[in-house]
Amino acid sequence: MKNLSGYFFKNKRDFLMTILGDVLLALSMVAWSFFMKNLAEAAEQTDFSAILRLVCFGLAFLMFHFLSFHLMHFFRRRFLRAVNQQLRTDIFSAIVRKNISAFNSTNSARYISILNNDLTVIENDYFANVPGMLEHGIMVIIASATLILFHPLIALIVIALSLIQLLVPKFLGDKLSKKNKTLMQELERYNAKIKDLFTGFEVIKSFRAEQETQALHATAAGEVEQARYAYRKLSAKAYANQSILVYLASILQLSFSAYLAVKGEITLGVLLGSMQMSNYVLNPVEQLSNAYLSYKSSRAIREKVEGLLAEKADDRPQCTDCGSLEQATPVVLKDVCFSYNGTDDVLKEINYTFEAGKKYAVVGASGSGKSTLLKLLMNYYNSYTGEIHFGGQPLRGIDERLFYQAVATIHQSVILFDDSIKNNISMFQEYSDAAISDAAERAGLREFIARQEYGMETRIRESGNNLSGGEKQRIAIARALLRNARVLLVDEATSNLDNELALQIEDLLLRQAELTAIIVTHRMTQTQMRKFDTILVLKDGRIEESGSFDALMEQRGYFYCLFLIGK
């Protein structure tokens, strides 16, 4: 497991400078207590020259305190900025390194919750807290040593009473950690709920389900606030106990110091100085105890983040020579079986070779395994049995980056980003303007882009809400063409389009002569089916038939029945 403490070492300069500022700040507090002590004694002795010297000392103290304070906070800000950015970057990198199957196994709202909620807890209760704990600890050590110089017995009482405060985190820290973990889990569920509701906003409005969804949201929000209430309740109990112990210690220390002053064993200056210095012991110990309580309460959150950072991106081996993958064809399946649950095979004994440059239609009834077959070819899962080869390389051994350079996919739902048309086609990667324009031209986007005021720089709104379905699909095609991929996998990309537009998009794909296209489709018109070199017919997870349209119709087998039903 990757330990978050490594971020302290990675930014050790700013961290150590923060600690230096803490030490200087603690020394300035010691100087202040001596100032109070000496000022009281000078007043008691009516020594005006000493008072004047102390005024000069006080001004020097102010300058020293000012510089120490700003030194500490300057480097603390730098330290927190650096570690937060590094951790946020590392977490996002750990998420995007996951393979598609691993990513989809978790609701994306969990990742959003980690990047927002969990990192806020880690910043406040760990990265900002550890320097604070060291600051308070340094203050306690220096103040205790100074207090011993004033009066050893007073120092002994103050130190003993302050140590009692450290019992609170010991008894309540683990309970608070569990409450904090529960709160973060509820926030994850809340994020998932509002993500679902906002994603389905159009459906909610069209079915007039506003009141019902408001009730769902109210329930989720109530559960979050109930968990937050339980956490705050236990926190309040802990902090109340801390406060009581501080006041109890102060009462005992002040009473004993006053007793010594009455007996004449200490001067008025020592009384004032010890009172001031006792505050620099008792109050920092209270703050140290509270900080340690927050530190312990964040333990479960830190362990979750550390676990995410330690996850392996993929367990498949990396190929040593991927040169032949540049062709990516033929695509060969040998005795391929696959099950989602480990028992019921969705695909059974698939044996087939997809030849370079040919166009394949994959058809079959719902549940026949069409999309599952394409997901295996898309490299979503490696838990299948049998073998899949691309260009002579076993799929399990192909470097994922090289695979997706040679194989492009177009999904049923096109994902578009809130950015320019250009960046949505290039997927934020470096391509020449000429290459991007050529891909857009081949995808049939020339007229669409020409109508836009800002051309390629026109901004696409969230989820492509300002585009038609056909325009979205053409951008998805342009992405694939820009990569010069050799294999194109299409999963019912035209199912949400009307027939005329769907045929236009499908024809556009079929005209790409250099591509090996494997297209899952449910549109089986005679004209369109004849454009495919081969039709692959799936039934109950097996290849039932394969061949050209005319050959399959002559057989009058399973495809013949499917075609007549579809017609």
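This is a short chat about a predicted model.

User: Where does Lys 370 sit?
Analyst: Lys 370 is in helix H13, which covers residues 370–377.

User: Is Lys 370 buried or exposed, and why?
Analyst: Lys 370 is buried, because its relative accessible area is 9% and buried means under 20%.

User: What does Lys 370 touch?
Analyst: Leaving out residues up to four places away in sequence, Lys 370 touches Val 362, Val 363, Gly 364, Ala 365, Glu 492, Val 520 and Leu 538. A polar atom of the Lys 370 side chain lies 3.1 Å from the backbone oxygen of Gly 364.

User: Which strands does H13 lie across?
Analyst: H13 lies across E1 (331–339), E2 and E4. H13 runs at about 120° to E1.

User: What order do the strands of that sheet take?
Analyst: The order is E2-E1-E4-E5, in an open sheet with antiparallel pairing. The edge strands are E2 (345–354) and E5 (393–394), and each pairs on one side only.

User: How many bridges join E4 to E5?
Analyst: There are 2 bridges between E4 (residues 385–390) and E5. Phe 390 has Gln 393 in E5 as its bridge partner.

User: New topic. How many residues are in the largest nonpolar core?
Analyst: The largest nonpolar core has 63 residues. Phe 127 is among those with the most contacts inside it, as are Leu 4 and Leu 87. Another core lies apart from it, with 47 residues, including Val 414 and Phe 532.

User: And what does Phe 127 touch?
Analyst: Beyond four places in sequence, its contacts include Leu 4, Tyr 7, Phe 8 and Ile 122.

How values were computed
Residues are numbered from 1 along each chain as its sequence is written. This is a predicted model: local features need pLDDT of at least 70, side-chain atom pairs count only at pLDDT 80 or more; totals for chains, interfaces and linings use all residues. Side-chain values use heavy atoms; hydrogens and water are left out. Helices (H or I, at least four residues) and strands (E, at least two) are DSSP runs, numbered from the N terminus. Buried means under 20% relative accessible area, exposed over 50%, partly exposed in between (1.4 Å probe, protein chains only). A polar contact is a pair of N or O atoms within 3.5 Å; within protein, one must be able to donate a hydrogen and the other to accept it, and residues adjacent in sequence count only if both atoms are side-chain atoms. Contact means heavy atoms within 4.5 Å. Two strands pair if DSSP finds at least two bridges between them. Axes are lines fitted to C-alpha atoms, for helices over the stretch in contact, and angles run from 0 to 180 degrees between N-to-C directions. A nonpolar core is a set of buried Ala, Val, Leu, Ile, Met, Phe, Trp, Tyr and Cys residues joined through side-chain atoms within 4.5 Å.
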